[in-house]
Amino acid sequence: MQTDPTEMRLRSLMLASLDGDAAAYRSLLAELGRHLRPYFARRLTPAFAAHAEDLVQETLLAIHTRRLTYDRNRPFTAWLHAVAHHKFVDHVRRQSIRLTVPLEDDAPIIAHDDSADALARHDLNVVLETVPARTGDLIYRTKVDGASVAEAAAAHGMTETAAKVSIHRGLKALAMRFAGGPK
């Protein structure tokens with residue numbers, strides 16, 4: 001079986017660098033950069049061709065940080081390809097979640113999912129049921145609905161000061177109960 005000269009050269013540089021040869025490590029990184037640029041350039045669409053250098057740098061950084069995971073008994077180029085492939089897949093994933101159409105243009109076809117809001121309202125109601133009903137209502141009116149303390153107090157026929165005290169004590173009780181304090 002004949003071994004590829006590139007594999008032999010890169011593998012010997014990698015083994016020397018793992019043994020502490022700094023010059024071999026610099027040579028390895030320089031040569032890998034020359035091999036990785038065309039590797040990524042062939043795989044990127046023209047719109048993302050400028051990202052090739054970023055991918056080269058990310059791959060070189062990954063090789064640097066994970067170099068001790070290289071198995072000395074295996075071909076180096078296979079390990080290198082695996083690292084580069086993972087970096088390319090990460091890049092594709094990052095790019096695929098970006099919108100290509102401004103969100104405003106799609107507004108009529110995007111439905112609003114109220115299920116999370118309904119669940120949050122239910123959870124809030126369950127939490128507020130742990131304080132007296134009037135206190136829970138005062139907290140809800142002022143902290144959720146945005147009513148002033150004066151408006152909330154008037155709805156319950158109490159003074160603004162009494163409403164402030166009730167809200168403060170209710171929030172303190174909720175904080176104690178749900179923040180791991182004494183019950």
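The chain holds nine helices and zero strands, where helices (H or I, at least four residues) and strands (E, at least two) are DSSP runs numbered from the N terminus. Read from that end, the order of elements is simply α-α-α-α-α-α-α-α-α. The model is a predicted one, so to speak of local features takes a pLDDT of at least 70 and side-chain atom pairs count only at pLDDT 80 or more, while totals for chains, interfaces and linings use all residues. Residues are numbered from 1 along each chain as its sequence is written, and side-chain values use heavy atoms, with hydrogens and water left out.

Of the 183 residues, 27% count as buried; buried is under 20% relative accessible area, exposed is over 50%, and partly exposed is in between (1.4 Å probe, protein chains only). As for contacts, meaning heavy atoms within 4.5 Å, residues 24 or more positions apart make up 53% of those with a separation of 6 or more.

Next come the helix pairs. Two packed helices are described by the angle between their axes and the distance between the axes. Here the axes are lines fitted to C-alpha atoms, for helices over the stretch in contact, and the angles run from 0 to 180 degrees between N-to-C directions. Angles under 35 degrees are called roughly parallel, those over 145 roughly antiparallel, 65 to 115 roughly perpendicular, and the rest oblique.

Helix α2 (residues 22-43) and helix α3 (residues 52-66) have axes that come within 9 Å and cross at roughly 140°, and the two are therefore oblique to each other. Their crossing is right-handed, a crossing being left-handed if the near helix is turned anticlockwise from the far one by less than a right angle and right-handed if clockwise. On the α2 side, the contact is made by Tyr-25, Leu-29, Leu-32, Gly-33, Leu-36, Arg-37, Phe-40 and Ala-41; α3 answers with Ala-52, Glu-53, Leu-55, Val-56, Gln-57, Thr-59, Leu-60, Ile-63 and His-64. Sorted by type, that contact has eleven nonpolar, four polar and two charged residues. In this sorting Ala, Val, Leu, Ile, Met, Phe, Trp, Tyr, Cys and Pro count as nonpolar, Asp, Glu, Lys and Arg as charged, and the others, Gly among them, as polar.

α2 also packs against α4, at an angle of about 50° and with the axes 11 Å apart. This pair is therefore oblique as well, and the crossing is right-handed.

The axes of α1 and α4 are 8 Å apart at an angle of about 80°, which makes α1 roughly perpendicular to α4. Glu-7, Leu-10, Arg-11 and Met-14 from α1 meet Phe-76, Thr-77 and Trp-79 from α4. Four of these residues are nonpolar, one is polar and two are charged.

Now for the interior. In soluble globular proteins, nonpolar side chains tend to be buried together. A nonpolar core is taken as a set of buried Ala, Val, Leu, Ile, Met, Phe, Trp, Tyr and Cys residues joined through side-chain atoms within 4.5 Å. The largest one has 26 residues, and Leu-28, Leu-32, Leu-36, Phe-40 and Phe-76 touch the most other members. At least two residues each come from α1 (5-18), α2, α3 and α4 (76-96), with α2 giving the most, seven. Leaving aside neighbours within four places in sequence, Leu-32 is in contact with Leu-10, Leu-60, Ile-63, Phe-76 and Leu-80. Apart from this core lies another, of ten residues, including Leu-138, Ile-139, Ala-152 and Ala-163.

Leu-80, in α4, is buried, with a relative accessible area of 9%; beyond its neighbours within four places in sequence, Leu-80 contacts Leu-32, Leu-36 and Ile-63. Ala-163 sits in helix α9 (residues 160-178) and is buried at a relative accessible area of 0%. Not counting residues up to four places away in sequence, Ala-163 touches Leu-138, Val-149, Ala-153 and Met-158. Pro-75, in the loop between α3 and α4, is partly exposed at 43% relative accessible area. The C-alpha atoms of Pro-75 and Arg-11 are 7.1 Å apart, although 64 residues separate the two along the chain.
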